[in-house]
Amino acid sequence: GDLVRKLKADGAPELDIKKAVAELKTRKKILEDKELSFVSESQTFDRTRMEDLLKRRFFFDQSFAIYGGITGQYDFGPMGCAFKANLLNAWRSFFVLEEQMLEVDCSVLTPEPVLKASGHVDRFADLMVKDTKSGECFRLDHLIKAQLEKLCADKKTDQATKDECADIVIKLDGMTKDEMAAVLKKYNMKSPTTGNDLTEPIEFNLMFGTQIGPTGLIKGFLRPETAQGIFVNFKRLLEFNSDKLPFAAAQIGNAFRNEISPRSGLIRVREFTMAEIEHFCDPSDKSHPKFVDVKDDKLMLYSACNQMDGKSAQLVSIGEAVATGLVANETL
């Protein structure tokens, strides 16, 4: 890796850089195989091997791979398409058909006023930091978590520091921009790839912006979720349902998020299929006719209070969750 960076910095011929990159990939593969050989035979699941198998059999693979590919984008092959279709059909059958929901299929390209009204233009953002020299970007919560976990794994770290780091990792999702900046400064965190200094945290909006029409005067975005199409059609859906509440509407379609650091294979990507449901009920009566069938079922719920206090999730019955306000009402 250092050699590739040096060749690029020195302006070496492109052929030399490509050879160095190919050698780097080969060595990484050898290292991964060696690491896998140390894994206990009793281990029942190996994600790396599973993903490698799925790619070799073309369930999915990186998009535009012959042109170098882009992280966070994947293509589904024949088997992947069949699996995805079966999954969505099962979802549609279980939710939409069984519960008699109203299904819609709305435009992906969304005008700015719609997402301004929903708060996405102002608040749909993740915090990131940049390498001050190379400009490489890192998602702040991922960076903090990785560096604190590395610090905890260091045998030289005292127990008090390990406990403090573990507490920060637990509370990380609920931290504000200033709190994360304080952690960054306290532990003097640097770029994990170069060791350079990092900028102050920056809010990065995750939506893909574009211009609608040839004049460029109409600003739009690729939708970050499918809910807006349901909400803006509420009046038409209510009319279709003979002006009766409650009812539920569903939509299956692609959404787009300009992730700072896509990772974990298909788990965090920049384009993905969402299957989303919105329930509409009378504000003065949020009861649900089928609530009695599920009120004794138990769910593992992670309340906002427990997250902020660093406590673990709890197993709670649905009836108890509604009674205590953990879940706002029966329809939810």
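The structure is a predicted model, in which local features need pLDDT of at least 70 and side-chain atom pairs count only at pLDDT 80 or more, while totals for chains, interfaces and linings use all residues. Residues are numbered from 1 along each chain as its sequence is written, and side-chain values use heavy atoms, with hydrogens and water left out.

**Exercise 1.** Find how many helices and strands the chain has, and what share of its residues is buried.

*Solution.* Begin with the DSSP runs, where a helix is H or I over at least four residues and a strand is E over at least two, numbered from the N terminus; the chain has 14 helices and 13 strands. Next, take relative accessible area with a 1.4 Å probe and protein chains only, calling a residue buried under 20%, exposed over 50% and partly exposed in between. Of the 332 residues in the chain, 29% are buried.

**Exercise 2.** Determine how many positive and negative side chains the chain has, and how many salt bridges the structure holds.

*Solution.* Count Lys and Arg as positive and Asp and Glu as negative, leaving out His and the chain ends, and place each charge at NZ of Lys, CZ of Arg, CG of Asp or CD of Glu. This gives 46 positive and 51 negative side chains, and the centres of the two sets are 5 Å apart. Side chains of opposite charge can pair when their charged atoms come close. With a salt bridge taken as a side-chain nitrogen of Lys or Arg within 4 Å of a carboxyl oxygen of Asp or Glu, the structure holds 15.

**Exercise 3.** Work out which parts of the chain the salt bridge between Glu 164 and Lys 186 ties together.

*Solution.* The nitrogen-to-oxygen distance in this salt bridge is 2.2 Å. Glu 164 belongs to helix α8 (residues 159–171) and Lys 186 to helix α9 (residues 177–186), so the bridge ties together parts 22 residues apart in sequence. Glu 164 is partly exposed at 31% relative accessibility, whereas Lys 186 is exposed at 53%.

**Exercise 4.** Describe where the salt-bridge partners Asp 167 and Lys 171 lie, and whether each is buried, partly exposed or exposed.

*Solution.* Their side chains meet at 3.5 Å, N to O. Both residues lie in helix α8, 4 residues apart, which is about one turn of the helix. Asp 167 is partly exposed at 33% relative accessibility, and Lys 171 is partly exposed at 28%.
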